[in-house]
Each structure stands twice: as structure tokens, then as C-alpha cells.
Amino acid sequence: MTDIILGLIIAILVLAAVLYIYREKKKGVKCVGCPHAGSCSSKKSGTGCH
């Protein structure tokens, strides 16, 4: 029983992470993990986030 609960918790966490990345990419954010992703220079110039 604990294996099922643990599996469900892990599945929920993975699904939440995938949905977060999907929503951010849909907004046009290029560097999801970057703290400056919303105002990063890559949004304007197309280069990587530094």
C-alpha cells in the first residue's frame, strides 16, 4: 500500500513539473530555470540566457 501511495506522489510531482514547463514555454520563456527568464536578453536576441 505504501508503494502505491509513494508512486502516486512521485507521479503527481513529475506531472506538476511537466505542466509548469509546458505553461512557461507556451508563454514564450526560453530559459525556464533562469531567474531572469521573463526579462532575459535571449527573449530579444535569440541567444542563450546568461
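1. Helices here are DSSP runs of H or I with at least four residues, strands are runs of E with at least two, and both are numbered from the N terminus. Just after helix H1, Gly28 takes a positive phi of about 100°.

2. Basis of the note. This is a predicted model, in which local features need pLDDT of at least 70, side-chain atom pairs count only at pLDDT 80 or more, and totals for chains, interfaces and linings use all residues. Residues are numbered from 1 along each chain as its sequence is written, and side-chain values use heavy atoms, with hydrogens and water left out.

3. Overall make-up. The chain has two helices and zero strands. Of its 50 residues, 14% are buried. Buried means under 20% relative accessible area, exposed means over 50%, and partly exposed lies in between (1.4 Å probe, protein chains only). The chain exposes about 4,200 Å². Carbon and sulfur atoms supply 69% of that area. Accessible areas come from the Shrake-Rupley method with a 1.4 Å probe; for residues, only the protein chains shown count as cover.

4. Helix H1. It covers residues 2–27, which is 26 residues. From its first C-alpha to its last it reaches 38 Å, close to the 38 Å expected at 1.5 Å a residue. The expected span is 1.5 Å times one less than the number of residues.

5. Nonpolar patch. Met1, Ile4, Ile5, Leu8, Ile9, Ile12 and Leu13 form a nonpolar patch on the surface. Together they have about 770 Å² of accessible area. Patch residues have over 30% relative accessible area and no salt bridge; like charges are joined within 9 Å, nonpolar side chains (Val, Leu, Ile, Met, Phe, Trp, Tyr) within 5 Å. Ile9 lies in helix H1. Ile9 is partly exposed, at a relative accessible area of 45%.

6. Salt bridge. A search of the whole structure finds one. The criterion is a side-chain nitrogen of Lys or Arg within 4 Å of a carboxyl oxygen of Asp or Glu. The partners are Lys27 and Glu24, with their closest N and O atoms 3.3 Å apart. Both lie in helix H1, three residues apart, about one turn of the helix. Lys27 counts as exposed, at 59% relative accessibility.

7. Glu24. This residue is buried, with a relative accessible area of 15%. Leaving aside neighbours within four places in sequence, Glu24 is in contact (heavy atoms within 4.5 Å) with Val29 and Val32.
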